[in-house]
Each structure stands twice: as C-alpha cells, then as structure tokens.
Amino acid sequence: WIEYYTSMEGVVRGNHYHPEGVEVVFLFDGLFEIFVKDLDSSDGIERRVIEPGQLVTCGPRVVHAHRFLKDSRAIAFSDIRKEKERYSEHTLPFKLI
C-alpha cells in the first residue's frame, strides 16, 4: 500500500494504531511533529519534529499522530492492505493529541 498526501498547516492526522504491520512516512516538504506511544511499553508519549527528507517508521501497536506545522507533502508506505471495507480491522482509533 502506498499513499501520497498533502496536509495543510494545523491539520492533525492519525490518532490511531495498526494491530499488525509497519507504516513508513517520507516527508517531501513542509514540517510536522509526530507523537508516538508504544502500547506494549510503559514509556510515555514521544514527540519528534520531522523535516523534509526524513523518514518515520511506526511498527505494530504504536499509536501515532501527526500535527502539521507547515503545509506539507508526504508519501506513506505500509505492508498493511488498507482496504476501505476492512478499515476497522487494520486501523484502530486512539486519541493522542
């Protein structure tokens, strides 16, 4: 599965996790902060700022949310078959931000 997307400054995406599979995001331009929480760890929420040219990888059961600090263009790759009719099976909501 591959998805190209744009997000405007101020938009929040994600606030979910995948029970299985890995998701990778590459940022072409713009800027966003990512918040992650590993559900299998007692660690708290981690925050990082992602700049153009950087990759972010989220494994299974890692909650992730992106807040865009500038208008941005990115591409996401995943080994999850993200079929719309099975969305509730592969993408589970979890509010981080």
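# Chatting through a predicted model

Visitor: I'm new to this one. What kind of model is it?
Guide: It's a predicted model. Keep that in mind as we go.

Visitor: Okay. How many helices and strands does the protein chain have?
Guide: The protein chain has 1 helix and 7 strands.

Visitor: And which pattern do they follow along the sequence?
Guide: Reading along, you get β-β-β-β-β-β-α-β.

Visitor: How does its radius of gyration sit with a compact globule?
Guide: It agrees: a compact globule with 97 residues would come out near 13 Å, and the protein chain has 13 Å. If you picture a box along the principal axes, the C-alpha atoms fill roughly 30 × 30 × 20 Å.

Visitor: What share of the residues is buried?
Guide: Buried residues account for 38% of the 97.

Visitor: Let's talk rings. How many aromatic pairs are there?
Guide: The structure holds 5 aromatic pairs. One of them is Tyr5 with Phe68, an edge-to-face pair at 6.5 Å centre to centre, with 90° between the planes.

Visitor: Which parts of the chain does that pair tie together?
Guide: Tyr5 lies in strand β1 (residues 2–7) and Phe68 in strand β6, so the pair ties together parts 63 residues apart in sequence. Tyr5 and Phe68 are each buried.

Visitor: Which other aromatic pair involves Phe68?
Guide: Phe32 pairs with Phe68 too, and that pair is tilted, with the centres 5.1 Å apart and 45° between the planes. It links distant parts of the chain, since Phe32 is in strand β3 and Phe68 in strand β6, 36 residues apart. Phe32 and Phe68 are both buried.

Visitor: Back to Tyr5. What sits over its ring?
Guide: The charged end of Arg13 does, 3.8 Å from the ring centre.

Visitor: Which residues do ring pairs link into a cluster?
Guide: That would be Tyr4, Phe26 and Phe28.

Visitor: Tell me about Phe26. Where is it, and is it buried or partly exposed?
Guide: Phe26 is in strand β3 (residues 23–38). Its relative accessibility is 24%, so Phe26 counts as partly exposed. Leaving out residues up to four places away in sequence, Phe26 touches Gly53, Gln54, Leu55, Arg73, Ala74 and Ile75.

Visitor: New topic: Ser72. Where does it lie?
Guide: Ser72 lies in strand β6 (residues 62–78). Its relative accessibility is 3%, so Ser72 counts as buried.

Visitor: What does the side chain of Ser72 reach?
Guide: The Ser72 side chain reaches the backbone nitrogen of Leu31 at 3.1 Å. The side chain of Ser72 also reaches the backbone oxygen of Lys70, at 2.8 Å.

Visitor: Who else is Ser72 in contact with?
Guide: Setting aside neighbours within four places in sequence, the contacts of Ser72 are Tyr5, Thr6, Ser7, Leu27, Asp29, Gly30 and Leu31.

Visitor: Where is Asn15 found?
Guide: Asn15 is in strand β2 (residues 12–17). With a relative accessible area of 13%, Asn15 is buried.

Visitor: What about the phi of Arg61?
Guide: Arg61 isn't a glycine either, and its phi is positive, about 60°. Arg61 lies in the loop between β5 (55–58) and β6, and Arg61 is partly exposed, with a relative accessible area of 30%.

Visitor: Which side chain does the Arg61 side chain make a polar contact with?
Guide: With the side chain of Asp40, at 3.0 Å. Apart from neighbours within four places in sequence, the contacts of Arg61 are Tyr17, His18, Pro19, Lys37, Asp38, Leu39 and Asp40.

Visitor: Last one: what separates Arg61 and Ala74?
Guide: Their C-alpha atoms are separated by 22 Å, and the two residues are 13 apart along the chain.

Note on methods: Residues are numbered from 1 along each chain as its sequence is written. This is a predicted model: local features need pLDDT of at least 70, side-chain atom pairs count only at pLDDT 80 or more; totals for chains, interfaces and linings use all residues. Side-chain values use heavy atoms; hydrogens and water are left out. Helices (H or I, at least four residues) and strands (E, at least two) are DSSP runs, numbered from the N terminus. Buried means under 20% relative accessible area, exposed over 50%, partly exposed in between (1.4 Å probe, protein chains only). A polar contact is a pair of N or O atoms within 3.5 Å; within protein, one must be able to donate a hydrogen and the other to accept it, and residues adjacent in sequence count only if both atoms are side-chain atoms. Contact means heavy atoms within 4.5 Å. Rings of Phe, Tyr and Trp (its six-membered ring) pair if their centres lie within 6.5 Å; planes under 30 degrees apart count as stacked, over 60 as edge-to-face and the rest as tilted. A charge sits over a ring if NZ of Lys or CZ of Arg is within 6 Å of the ring centre and within 35 degrees of the ring normal. The radius of gyration is taken over C-alpha atoms; the globule rule is 2.2 Å times the number of residues to the power 0.38.
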